Amino acid sequence: MDKHNLFDSVLPASSSLNDLVTHPPMPVASQSILNFIQALSDTLLKDPASRAFPDIVALGFWLRDGNIKQLVKQINSCTQQALVKPVGTVVHYTPNNVDTMFLYSWVCALLMGNRNVVRLGSADSPAKHLLLACLERLFSLPEYSDIALRNLFVQGAKSDESNQALAQIADARVLWGGDNSVLSIKQYAAKPRCRDISFADRYSAVVINGDKLTDGEQLNTLCELLWQDAKPYAQQACSSPRVLFWLGNKNLQSEFARVLNHQALSENANPNEGISRVNEHLVVSQWLQCQSFADAPLVMNRVSVIPVHQVNTEMMVMHCGDALFYLQSLDSLDDLANCLPARVQTLTYWGVERDALLKLLAEPSIQGVDRCVSVGKALTFSPEWDGYRLLVSLSRYVQLDWG
C-alpha cells in the first residue's frame with residue numbers, strides 16, 4: 001500500500017497507509033485531541049484569508065472549546081454503563097459540493113480517538129486549499145505529532161487498487177456524495193464489521209405560515225434568515241432549502257419573492273454575474289410549465305421563485321440550485337404529511353407551532369425529515385446529522401454490567 005502508487009497527493013507528506021495502521025487509536029476525547037481541535041479553531045478564525053469564506057468562519061466557531069466541551073459532555077454521559085472506545089480506522093469519502101463538510105465528520109471521528117483517512121474530492125477551490133494549508137501547518141508542529149501520525153488526507157488516483165486498499169483498512173466508512181457515488185464505493189468489500197455511514201442524495205425544504213406574516217419587518221427577517229440558509233454552497237448542500245411550503249394566506253407570496261430577491265441582490269458582490277444562472281432557471285421554469293407542474297415565476301432575477309402544483313422526483317432532478325425555489329401552497333399543516341418523502345433531509349420552519357410540527361413529524365407514514373430546525377439554522381452542523389448520531393456510530397461501546 002505504498003502511497004506513491006495509490007494517490008497523487010498525501011498530507012502529511014511523510015506518511016502513508018502503511019504508517020497509519022501501525023499506530024493504535026488514541027483515547028476518546030484525550031487532552032491532546034482537544035488541544036489540537038482548539039488550535040485548529042484558533043488558526044481558522046485568526047487567519048485573515050478566512051474572512052473571505054463564511055463557511056470556514058462558521059467551521060472555526062463550531063470548533064471552539066465551548067462547543068467541543070458540550071460534545072465531550074454527551075460522550076461522558078454514557079460512561080456509567082459502558083466503556084466508550086474508538087471504532088478503529090475511519091475512511092471518509094468527501095463531497096465536492098461543500099468545501100468544509102469533510103472537516104466536520106473528520107473532527108467527530110477524531111474526537112472519538114479514531115485513526116482517519118480522508119479521501120478528498122477532485123474539485124479544487126480556494127477554500128479547500130486554505131483548509132489543507134491550516135492542517136499542514138498544525139501537523140508540522142511537534143506538539144501535534146501524535147495527531148499527524150494517525151490522520152491522513154489523500155487525493156487523486158481513483159483506481160480500483162486505491163479504493164480496495166482503503167476498504168481493507170476501514171472499520172467505518174463515511175460516504176459523502178450522491179447515490180451513484182455511495183453505491184460505487186460500497187462495491188469495494190470492507191471488513192465484515194465495517195460500518196458504512198452513507199450521506200446520499202437528499203434535499204431540504206422550509207414550511208412558512210403565511211397567516212403569521214403580518215408586517216414588513218417580519219417579512220424582512222424571514223427573507224434574511226432564509227437567504228442565510230440558501231446562499232452558501234450555491235444551494236447544493238443537502239440541508240439547503242430548495243422547496244418552500246406555504247401555509248394559509250397567499251396574499252404576501254409575491255411580496256415575499258420580491259423581498260427575498262432584494263435580500264440576495266444586496267449581498268451580490270458582482271451584479272454582472274448570473275446570466276447563465278438565470279438562463280438555467282428559465283429552462284427549468286419553462287419545462288415545469290410545459291409539464292403543467294407550475295405557473296409563471298413570481299420572480300426570476302438573483303433569486304427565482306416558481307409556484308408549483310406539487311413536488312415530484314422529476315422536478316427535483318431538474319433543480320439546478322443557486323437560488324432556485326419551488327413554492328407549493330398548502331391549505332393546512334396536515335397537508336404537509338404527503339409532501340415529505342424519504343429524500344427530504346432538513347425541514348426548517350417559520351411561524352409554525354412546534355407542538356403541531358412535532359405531532360406531524362411523529363406520523364409513521366412520513367419517511368423523510370431527519371432534522372427540524374428554525375429558519376436560519378439549516379446549515380448549522382451537529383453530530384446528529386442525516387439521521388445518524390455520528391459520535392455513537394464512530395465509536396465502540398463496551399457494555400458494563402457489574403451484577
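The paragraphs below take these topics in turn for a predicted model.

The largest nonpolar core here has 61 residues, and the members that touch the most others are Phe36, Trp106, Leu111, Leu135, Phe139, Phe153 and Leu394. Helix H6, spanning residues 101-111, supplies the largest share of this core, with 10 residues. Leu111 shows how such a member is surrounded: leaving aside neighbours within four places in sequence, Leu111 is in contact with Val28, Ala29, Ile33, Leu34, Ile37, Ile68, Leu71, Val72, Ile75 and Leu391.

For H6 and H7 the angle is about 35° and the axes are 11 Å apart. On the H6 side the contact is made by Phe102, Leu103 and Trp106, while H7 contributes Leu131, Leu135 and Phe139. By residue class, this contact comprises six nonpolar residues, no polar ones and no charged ones.

The aromatic side chains can be followed next. The count of aromatic pairs comes to 14. In one of them, the ring centres of Phe139 and Phe153 are 6.2 Å apart and the planes meet at 40°; a stacked pair would need planes under 30 degrees apart and an edge-to-face pair over 60, so this pair is tilted. Because Phe139 belongs to helix H7 (residues 126-139) and Phe153 to strand E5 (residues 151-155), the pair ties together parts that are 14 residues apart in sequence. Both partners are buried, Phe139 with a relative accessible area of 8% and Phe153 at 2% relative accessibility. Phe139 and Phe153 also belong to one aromatic cluster together with Phe36, Phe102, Trp106 and Tyr144.

A second pair is formed by Trp176 and Phe199, whose ring centres lie 3.9 Å apart with planes at 15°, so this pair is stacked. Trp176 sits in strand E6 (residues 172-176) and Phe199 in strand E7 (residues 195-199), and the pair therefore ties together parts that are 23 residues apart in sequence. Trp176 is buried, with a relative accessible area of 6%, and Phe199 is likewise buried, at 3% relative accessibility.

For Cys108, the nearest cysteine sulfur is that of Cys238, 14 Å away, and Cys108 itself counts as buried at 2% relative accessibility. The sulfur of Cys320 has its closest cysteine sulfur in Cys290, at 16 Å, which is too far for a bond; Cys320 counts as partly exposed, at 23% relative accessibility.

Some details of the backbone remain. Leu11 and Pro12 are joined by a cis peptide bond with omega of about -5°, and Pro12 is placed in the loop between strand E1 (9-11) and helix H2 (17-21). Ala29, one of the contacts of Leu111, has a positive phi near 50° although Ala29 is not a glycine. Ala29 is found in the loop between H2 and helix H3 (31-46) and is buried, with a relative accessible area of 17%. Tyr233, also a residue other than glycine, has a positive phi near 60°, and its place is in the loop between helix H11 (216-230) and strand E9 (241-247).

Terms used
Residues are numbered from 1 along each chain as its sequence is written. This is a predicted model: local features need pLDDT of at least 70, side-chain atom pairs count only at pLDDT 80 or more; totals for chains, interfaces and linings use all residues. Side-chain values use heavy atoms; hydrogens and water are left out. A nonpolar core is a set of buried Ala, Val, Leu, Ile, Met, Phe, Trp, Tyr and Cys residues joined through side-chain atoms within 4.5 Å. Buried means under 20% relative accessible area, exposed over 50%, partly exposed in between (1.4 Å probe, protein chains only). Helices (H or I, at least four residues) and strands (E, at least two) are DSSP runs, numbered from the N terminus. Contact means heavy atoms within 4.5 Å. Rings of Phe, Tyr and Trp (its six-membered ring) pair if their centres lie within 6.5 Å; planes under 30 degrees apart count as stacked, over 60 as edge-to-face and the rest as tilted. A disulfide is a pair of cysteine sulfur atoms within 2.5 Å. Axes are lines fitted to C-alpha atoms, for helices over the stretch in contact, and angles run from 0 to 180 degrees between N-to-C directions. Ala, Val, Leu, Ile, Met, Phe, Trp, Tyr, Cys and Pro count as nonpolar, Asp, Glu, Lys and Arg as charged, and the others, Gly among them, as polar.
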